[in-house]
Amino acid sequence: MTHLDTRRRQFLQYAAVGTMTAALPGFVFAESTQINDEPNSTFKADVEIELTAQIAELPILPGAHTHVFTYQGKLLKGPQATLKDLPGYLGPMLNFVQGQKVRIYFYNRLSEPCITHWHGMHVPQKMDGHPMYAISQGERYVYEFEVKNPAGTNWYHAHTHEMTATQVYQGLAGLITITDEAEQKLDLPSGEYDIPLVIQDRHFTNGNQLRYVHGMRQRMTGFLGDTILINGQANNTIPVKTRAYRLRILNGSNSRIYKLGWKDGTPLTAIGTDGGLLEKPETFPYIMLAPAERVELWVDFSGRKPGTDLILQNLEYKSAIPHMGGGMRHGGGMGRMGMMAGGLAQGKPFPVVKFHITEQVTDSPRLPDKLVPIHRLTTKDLSNPGKTLSIALSMRHMSPQLNGRSFEMQDYVDSEKIPVNTLQKIRIFHDNKSMGGGMGMMMSMPHPIHLHGQQFQILSRTQNNQDNGYKTVKDGFINSGWKDTVLVMPGEDVEIIKPFADYTGLFLYHCHNLEHEDMGMMRNFYVS
Ligand code: C2O
Ligand code: CU
Ligand code: CU
């Protein structure tokens with residue numbers, strides 16, 4: 001499959017210089033499908049980084065090292081703090097400043113195709129890591145973009161056709177932070193008091209090797225592991241002082257959805273979402289964090305005794321456990337849908353990370369009342385107020401789809417054409433009509449829907465099912481602030497408002513349950 005795509009790509013490249021171009025289907029993209037393997041001399045980079053996808057043997061669990069994929073980074077130009085290696089198998093943290101011009105030389109040293117996407121970043125199509133740009137072993141892709149996003153936490157990961165789930169699972173992911181002037185004025189906890197927390201669930205063999213279970217069941221629910229890694233490591237204890245911290249949490253799991261809460265019942269204070277800081281801090285009894293979503297927390301350990309612990313937990317919830325429809329009467333393992341060997345089903349409780357208070361200090365900063373101004377988008381701002389784009393979540397022949405269609409590399413239909421520099425309303429909902437075959441299961445599954453390009457705002461959430469499970473999750477959604485991924489629970493109808501500014505071309509939208517994505521629950525918008 002991948003080879004075919006590579007050949008097609010090369011074919012299109014050759015065709016672009018010939019005269020037969022116009023006769024090819026999809027010829028408009030012939031030029032834009034070319035691999036960008038040389039830097040553009042007119043792009044004056046402030047920061048230059050080399051990032052290599054390669055294999056490695058790293059210590060994750062006590063004992064034998066684990067065979068992983070990892071991004072190896074090297075700073076070629078720019079401030080020293082731009083690149084920070086983390087212990088564990090994740091790629092280095094990339095720390096950018098708004099306005100910086102960044103050039104990244106991405107090398108693939110894996111024996112399979114690969115391409116990297118900067119999740120959450122507003123960049124041109126050719127710099128976005130669309131799977132049509134996958135490069136083979138030994139090739140390179142040169143990314144060049146200006147950092148337009150405001151301060152916040154984004155991430156990068158492999159986005160290879162039908163291999164995103166396995167490549168991310170094996171380690172091809174890393175965090176991106178962005179800072180800007182507005183954030184710096186706030187004096188938020190920084191340096192050692194600004195802690196990244198990438199949460200991932202994995203499954204290991206007795207020999208400490210990553211095991212990826214890929215049976216039919218895991219394909220439907222997505223992969224669920226029984227070992228929680230924090231920042232690519234199995235050590236889940238973080239030493240802290242009695243003061244305020246900023247936690248940048250990313251759910252980097254393939255399909256596990258977390259319901260995060262402090263074990264002692266302390267409410268969580270959110271200061272940021274996917275797209276950056278909130279207008280003001282908001283408190284929640286718990287926060288739902290679906291794959292690819294980020295949340296930034298303010299946590300103040302002042303007043304806690306050295307020697308004590310505060311535990312961030314995954315709390316129990318019901319809504320996401322798939323109920324089978326009438327279709328699979330003979331499926332012997334029905335009651336165990338979504339369950340892994342270790343028994344850590346979706347929605348089951350477990351500790352995520354433990355903060356161990358080690359030291360008494362007195363210099364704690366105060367939580368600001370106001371963070372950054374956010375212009376609230378309303379339907380009055382829409383370019384075409386009468387029009388709503390639809391993303392219907394449906395299921396056909398055991399494949400999750402969007403608007404009844406599966407992913408095709410460069411395919412889009414009329415309803416997926418969006419005029420550039422417009423603001424669109426998009427409704428994301430479960431399409432129960434297309435539930436052919438009597439399989440209701442997918443309908444009752446949550447889907448974290450991600451749109452590439454600019455961040456959006458949530459206009460409304462409507463729950464159509466009067467089901468008790470929803471009560472266990474409903475207070476954990478952050479609906480203010482900028483988002484690039486929204487969790488659509490069973491029975492939910494979510495309206496968002498999204499700008500499509502600056503850049504034309506193909507931009508993906510997909511389910512960020514990575515198994516669903518690789519099964520084709522992904523489409524292109526064509527912005528022109
Ligand atoms: Cu995080 Cu299209 O991906
Ligand atoms: Cu993305
Ligand atoms: Cu999905």
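This is a predicted model: local features need pLDDT of at least 70, side-chain atom pairs count only at pLDDT 80 or more; totals for chains, interfaces and linings use all residues.
His-117 belongs to strand β6 (residues 116–119) and His-450 to strand β25, so here the pair links parts that are 333 residues apart in sequence. His-117 counts as buried, at 1% relative accessibility, and His-450 is buried too, with a relative accessible area of 1%.

**Pocket and cavities**

The largest pocket has a volume of about 890 Å³. Its lining is made of 35 residues, and Lys-84, Gly-191, Asp-194, Ile-195 and Pro-196 lie nearest the centre. Several elements give two or more residues to this lining, among them β9 (173–179), α3 (181–186) and β10 (194–202). Strand β4 gives the most, with four residues. Domain 1 (35–182) and domain 2 (191–359) each put at least three residues into the lining of this pocket.

There are also four cavities of 30 Å³ or more in the structure. The second largest cavity is lined by 17 residues, and the closest to its centre are Met-288, Glu-293, Phe-477, Ile-478 and Lys-483. Strands β17 (287–289), β18 (294–300), β26 (457–463) and β27 (485–488) each supply at least two residues of that lining. At least three lining residues of the second largest cavity come from each of domain 2 (191–359) and domain 3 (379–527).

Here are the two spaces with their volumes and the make-up of their linings:

| Space | Volume | Lining by class |
|---|---|---|
| Largest pocket | about 890 Å³ | 16 nonpolar, twelve polar, seven charged residues |
| Second largest cavity | about 100 Å³ | nine nonpolar, three polar, five charged residues |

In soluble globular proteins, nonpolar side chains tend to be buried together. The largest nonpolar core in this model has 52 residues, of which Leu-247, Ile-249, Trp-262, Leu-297 and Phe-355 touch the most other members. Strand β20 (residues 350–359) provides the largest share of this core, five residues. The core draws at least three residues from each of domain 2 (191–359) and domain 3 (379–527).

**Two backbone spots to look at**

Most residues other than glycine have a negative phi. Asn-208 has a positive phi, near 70 degrees. You'll find Asn-208 in the loop between β10 and α4 (216–221). Buried or exposed: which is Asn-208? Asn-208 counts as buried, because its relative accessibility is 9% and the cut-off for buried is under 20%.

Asn-403 also has a positive phi, near 50 degrees. This asparagine lies in the loop between β22 (399–402) and β23 (417–418). With a relative accessible area of 22%, Asn-403 is partly exposed.

Terms used. Residues are numbered from 1 along each chain as its sequence is written. Chains are lettered from A and ligands numbered from 1 in the order in which they are written. Side-chain values use heavy atoms; hydrogens and water are left out. On a 1 Å grid over the protein atoms alone, a cavity is a set of points where a 1.4 Å probe fits but cannot get out, and a pocket is an open set with protein on both sides within 12 Å along at least five of seven lines; lining residues have an atom within 4 Å of a point. Grid points are joined across faces, edges and corners, and a volume is the space filled by probe spheres set on the points. Ala, Val, Leu, Ile, Met, Phe, Trp, Tyr, Cys and Pro count as nonpolar, Asp, Glu, Lys and Arg as charged, and the others, Gly among them, as polar. Domain bounds come from an automatic or database domain assignment. A nonpolar core is a set of buried Ala, Val, Leu, Ile, Met, Phe, Trp, Tyr and Cys residues joined through side-chain atoms within 4.5 Å. Buried means under 20% relative accessible area, exposed over 50%, partly exposed in between (1.4 Å probe, protein chains only).
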